[in-house]
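Welcome, and please take a moment to turn the model around on your screen before reading on. We will walk through it together, one place at a time.

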Amino acid sequence: MRILLLSDIHSNLEALEACLAATPAYDLVVNLGDIVGYGGSPNEVIERSRELGRFFVRGNHDKAAAGVMDLKDFNPIAGMAALWTREQLTPENLKWLSDLPRGPIQVNGLAGVQFVHGSPVDEDEYVVSVRDALEPLLLSSMPLTFFGHSHLQGSFSTNNANSDVFRPEYRTVGQTETVEFPLKAGIRYLVNPGSVGQPRDGDWRAAFAVFDSDAQIVSFCRTPYNLKSAQDRIFGANLPPRLATRLAAGR
Ligand code: ZN
């Protein structure tokens, strides 16, 4: 089975469409949350995401925009974007967002694999370092977890004795590229496909991944998208301009 992994789209329709155009063939899509927040196309991104399949976990921005979580842990810019998003959403999309499940979720036919937003231990926890990853890696009942939330593409792993980090290295800054990451037996992994709509690893391109469960290979991908159009929607909505400018820097 080939699974297209999308995470942290953040209402960036242009980035989502670019990923869908660039992805190799897949059998199903799993969305790791933060479908909305920050960007200018919340309804369009929800509707496009729903067309793609039925596997979702909720992110903190989804909860905030839906009113499932209060905004006290949000910085002012993220809070403003969440409130703006809530005002824009159609009643149907608001209801759909508020009904999204908390991770971990599993997919039938895919043994030993789970999907979360932050970490398997806490849906809102940020896993950015090997140190953060160790507890969820060791406590989790599943050898392979796909997660999002940090907006940093890559993998953490452990064989119980040693831990490792993998960050894909790309050769260009503006083209579609893929880096293959074969998984090894007997190792536990936490894998982040990266953020579709607001990467924070210094690469402005939209990020996603495809997991081939038969070959046990994760293909990390980056693809350029219509950045100016995504930025113009943010400016046009009178959202904080920083939300548009940061997209160009991938920070
Ligand atoms: Zn996010």
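Start at the zinc ion, whose site is irregular, with angles of 86 to 175 degrees among its four donor atoms. Donors are N, O and S atoms within 2.8 Å of the metal (3.2 Å for Na, K and Ca), and water is not among the atoms, so sites may look incomplete. As for the shape names, four donors count as tetrahedral if all angles lie between 85 and 135 degrees; four count as square planar and six as octahedral if opposite donors are over 155 degrees apart and all others between 65 and 115; anything else is irregular.

Before going further, keep in mind that this is a predicted model, in which local features need pLDDT of at least 70 and side-chain atom pairs count only at pLDDT 80 or more, while totals for chains, interfaces and linings use all residues. Residues are numbered from 1 along each chain as its sequence is written, and side-chain values use heavy atoms, with hydrogens and water left out.

Which residues hold the zinc ion? The ion is coordinated by Asp-8 (OD), His-10 (NE2), Asp-34 (OD) and His-151 (NE2), at 2.1 to 2.3 Å. Along the chain, these donors follow the spacing D-x1-H-x23-D-x116-H. His-10 sits in the loop between β1 (2-6) and α1 (13-22), and Asp-34 in the loop between β2 (28-31) and α2 (42-52), so this pair ties together parts that are 24 residues apart in sequence. Here helices (H or I, at least four residues) and strands (E, at least two) are DSSP runs, numbered from the N terminus.

Buried means under 20% relative accessible area, exposed over 50%, and partly exposed in between (1.4 Å probe, protein chains only). Asp-8 also counts as buried, at 0% relative accessibility. Asp-8 lies in the loop between β1 and α1, and it has a positive phi of about 50 degrees although it is not a glycine.

You can find another positive phi at His-149, a residue other than glycine with a value near 80 degrees. His-149 is placed in the loop between β5 (144-146) and β6 (154-158), and it is buried, with a relative accessible area of 2%. For a further backbone detail, look at the peptide bond from Gly-103 to Pro-104, which is cis, with omega near -5 degrees. Pro-104 belongs to the loop between α5 and β4 (113-115).

The axes of α2 and helix α5 (residues 91-98) come within 10 Å and cross at roughly 60 degrees. Such axes are lines fitted to C-alpha atoms, for helices over the stretch in contact, and angles run from 0 to 180 degrees between N-to-C directions. From α2, the contact is made by Asn-43, Ile-46, Glu-47 and Arg-50, and from α5 by Glu-92, Asn-93, Trp-96 and Leu-97. Contact means heavy atoms within 4.5 Å.

Next, visit the loop between β7 (163-166) and β8 (177-182), where Pro-168 is found. Pro-168 is buried, with a relative accessible area of 13%. Leaving aside its neighbours within four places in sequence, Pro-168 is in contact with Gln-153, Gly-154, Val-179 and Phe-220. Val-173 lies in the loop between β7 and β8 too, but Val-173 is exposed, with a relative accessible area of 68%. With neighbours within four places again left out, Val-173 is in contact with Asp-203, Trp-204 and Arg-205. The C-alpha atoms of Val-173 and Arg-222 are separated by 9.2 Å, although these residues are 49 residues apart along the chain.

Our last stops are inside helices. Ala-78 is in helix α4 (residues 76-88) and is buried, with a relative accessible area of 3%. Not counting residues up to four places away in sequence, Ala-78 touches Tyr-38 and His-61. Gln-231 lies in helix α7 (residues 227-236) and counts as buried at 14% relative accessibility. Counted in this way, without residues up to four places away, Gln-231 touches Ala-244, Thr-245, Leu-247 and Ala-248.
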